[in-house]
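Hi,

Here's the structure I promised to pass on. Have a look at it first, and my notes on what turned up follow below.

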Number of protein chains: 2
Amino acid sequence: MRSFFLSAATALALFAGNGGAAAPVTPASVLAEAPASAWVAPAPDDLLVMDLAGGKRVVIALAPDFAPVHVASIRTLARAHWYDGLWIERVQDNYVVQWGDPTEKKPLPAGVPADPPAEYERSAAGLALTEHPYRDTFADRTGFVSGWPVAEDGGQAWLTHCYGMVGVGRGNAPSTGSGAELYAIIGHAPRALDRNIALVGRVLTGIEGMTALPRGSEAMGFYKTEGERLPILSARLASDLPEAQRPHVRVLDTASPAFAAWVKVRANRKDDFYVRPAGAIDLCSVMPPVKEGD
Amino acid sequence: MRSFFLSAATALALFAGNGGAAAPVTPASVLAEAPASAWVAPAPDDLLVMDLAGGKRVVIALAPDFAPVHVASIRTLARAHWYDGLWIERVQDNYVVQWGDPTEKKPLPAGVPADPPAEYERSAAGLALTEHPYRDTFADRTGFVSGWPVAEDGGQAWLTHCYGMVGVGRGNAPSTGSGAELYAIIGHAPRALDRNIALVGRVLTGIEGMTALPRGSEAMGFYKTEGERLPILSARLASDLPEAQRPHVRVLDTASPAFAAWVKVRANRKDDFYVRPAGAIDLCSVMPPVKEGD
């Protein structure tokens, strides 16, 4: 099989039979050697579990430290089973998947403000940023805080629109979005959206259940007919699911030496495939690895 | 409809009925005002037209100025109808779609070298780079040359792995890839691949015929069974198609004032949706716009 990219697992297997030569350090070998303590399970209250028609499950980590009011609304909506029976209604290539209530007519439960505070950025004070060591096009300082990709400038900090990040749909400013519509980034990071929308989370697992959907033929990738929409069967906080139905996911601790080593090797690939290590890697190319299972 | 992003078309329509207020400059308004002379039709010899099962057509522009031997091989393969009956065999989420001959057993036509020169970079001499005005994580100088995203360093220049770019699959170095397998980038730009593989082109239209395919369940996103593969019905140079079947596509001239204006407004969005223009935009977020039709 002529692949343009040997998987790290294959590379390791090949090297294991390679007359005792030392296996090269690869992204996969760094992860395999990371101690169990470097893998952090998000709190069950911070996991939104969406079951879609067709047996697809999408698990989203929520970011209450960055958008507390919006995250509280999403928790309330999930606990009210408010998303159940709604749809994925928009798939725009190289941009976003969007889901929720396209009619905007479904009443919001008590305690969910229609226009919460913007929460597009917050004070950087109190955030322990693990700085990303390579320059960024958009901000002078970037890095990760507890698994979240963050940019900083002038004492303010904000989440960045990397692949898989989840935000709150809104109309034109001053609308800020209730949480009735959410979107996930499914293409090259549209960082110009940073600080213009409330980012509230990240798809940890199951994004292929959304990215492989047909693109919508209407403007901005909305589906033309109701029949094209993909139903959301249920959306629950993991804390509201029976133990047996909860997802078991962990995220590599971005303050750990293992994460730093992984970023370094991603920027400096020296396994057999590569002829010229890049010497750098951009923030959105090193979204923290996710591990499923126990 | 509560959309998180008003389409420029919608915005213009709204402004048209807005009591005579001046319409804001948007990416779409810049493109609408670009003169016809700013839209360049690629030469028919530089367009590879792939018709896939299910009525999907993918049109790829080839880049002979950057990978002349590989492009010559692809032209020979297309003229020999060599790709016909092969498959899309790999779809890896946030990474690549790959197609061709996964068995590596189909004999190559005469004149197609199994391991051509690497062509991962070339001399920057003679290339008229329109410099991208914002900093890049990977290279000190980037920009566009005749519609192609390019990075430069130390007198060398190379194409960059942006969304939609097409490259030649290869095994471990020193393999360089014959052209029997090609891939397209379908996720966040994996720029660490730059200068490690021969990039040969860009998908101009129809990428959603590949990006919306199911992800493969084997390692690296290969399909597990032959039945999952999507057949390539035919792959032809536009110059070998009857006039009525040729695609009509044009790319915005990256040396034109219209392109510079479009990049500037992409970096500084001021239409009603945006509350804070980014002030910058990365190279892979401004891949040259493509227009279909006459």
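Before the interface makes sense, one cut-off: two residues count as being in contact if their C-beta atoms, placed from the backbone, lie within 7 Å. Also keep in mind that this is a predicted model.

With that cut-off, how do the copies meet? They meet through the same surface, because 100% of the interface residues of chain B are also interface residues in chain A. The contact draws 61 residues from chain B and 61 residues from chain A. On the side of chain B that touches chain A, the elements giving two or more residues are α1 (8-16), β12 (181-185) and α4 (208-211) of chain B. By residue type, that side of chain B splits into 29 nonpolar, 15 polar and 17 charged.

Now for chain A by itself. Its secondary structure comes to 5 helices and 16 strands. The C-alpha trace of chain A spans about 65 × 45 × 40 Å along its principal axes. Chain A has a radius of gyration of 20 Å, which agrees with the value near 19 Å that a compact globule of 294 residues would have. Of the 294 residues in chain A, 50% are buried. As for contacts in chain A between residues at least 6 apart in sequence, 71% join residues at least 24 apart.

Cheers

Conventions. Residues are numbered from 1 along each chain as its sequence is written. Chains are lettered from A and ligands numbered from 1 in the order in which they are written. This is a predicted model: local features need pLDDT of at least 70, side-chain atom pairs count only at pLDDT 80 or more; totals for chains, interfaces and linings use all residues. Helices (H or I, at least four residues) and strands (E, at least two) are DSSP runs, numbered from the N terminus. The radius of gyration is taken over C-alpha atoms; the globule rule is 2.2 Å times the number of residues to the power 0.38. A residue is buried if 20 or more other C-beta atoms lie within 10 Å of its own, exposed if 12 or fewer, and partly exposed in between; C-beta atoms are placed from the backbone. Ala, Val, Leu, Ile, Met, Phe, Trp, Tyr, Cys and Pro count as nonpolar, Asp, Glu, Lys and Arg as charged, and the others, Gly among them, as polar.
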